[in-house]
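Hi,

Here is the structure I promised to pass on. Have a look at it first, and my notes follow below.

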Amino acid sequence: MPGGTFRGKPPANVDVVVTFAGLAALRPEWEDLYSDSPQANPFLSWAWVAAWCREYGPRYAGPGGLRIVVLRRAGQPLCHIAAHQIRR
């Protein structure tokens with residue numbers, strides 16, 4: 001879904017990842033973003049989120065409840081990730 005400009009930055013695209021395979025595919029970019037973040041902590045790491053999604057996601061979010069919101073700006077690396085769950 002296309003986004004608008006923010007403080008003169010290029011438009012952003014938002015994708016929603018809903019599968020564990022999609023989460024696995026994000027790992028290299030996620031780890032790059034994590035290593036560059038001054039707010040990085042263990043609970044924001046790909047490894048922790050993936051482990052949580054594998055172990056607790058089905059229990060708390062139910063089948064199909066995984067939602068990883070990913071923001072990319074055109075021609076630039078990944079710039080935002082937010083993990084969510086949908087409770088039924």
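This is a predicted model: local features need pLDDT of at least 70, side-chain atom pairs count only at pLDDT 80 or more; totals for chains, interfaces and linings use all residues.

Residues are numbered from 1 along each chain as its sequence is written, and side-chain values use heavy atoms, with hydrogens and water left out.

The overall picture: the protein has four helices and three strands, in the order β-α-α-α-α-β-β from the N terminus. These are DSSP runs numbered from the N terminus (helices H or I, at least four residues; strands E, at least two). Of the 88 residues, 26% are buried.

Now to the aromatics. A search of the whole structure turns up one aromatic pair (ring centres within 6.5 Å; planes under 30 degrees apart are stacked, over 60 edge-to-face, the rest tilted; for Trp the six-membered ring is used). Phe 43 and Trp 48 form this pair, edge-to-face, at 5.2 Å centre to centre with 85° between the planes. Phe 43 counts as exposed because its relative accessible area is 54%, while Trp 48, at 37%, is partly exposed.

Ser 45 sits in the loop between α2 (27-36) and α3 (46-55). Is Ser 45 buried or exposed? With 13% relative accessibility, Ser 45 is buried. Leaving aside residues up to four places away in sequence, Ser 45 touches Trp 30 and Tyr 34 (contact means heavy atoms within 4.5 Å).

Best wishes

Terms used
Buried means under 20% relative accessible area, exposed over 50%, partly exposed in between (1.4 Å probe, protein chains only).
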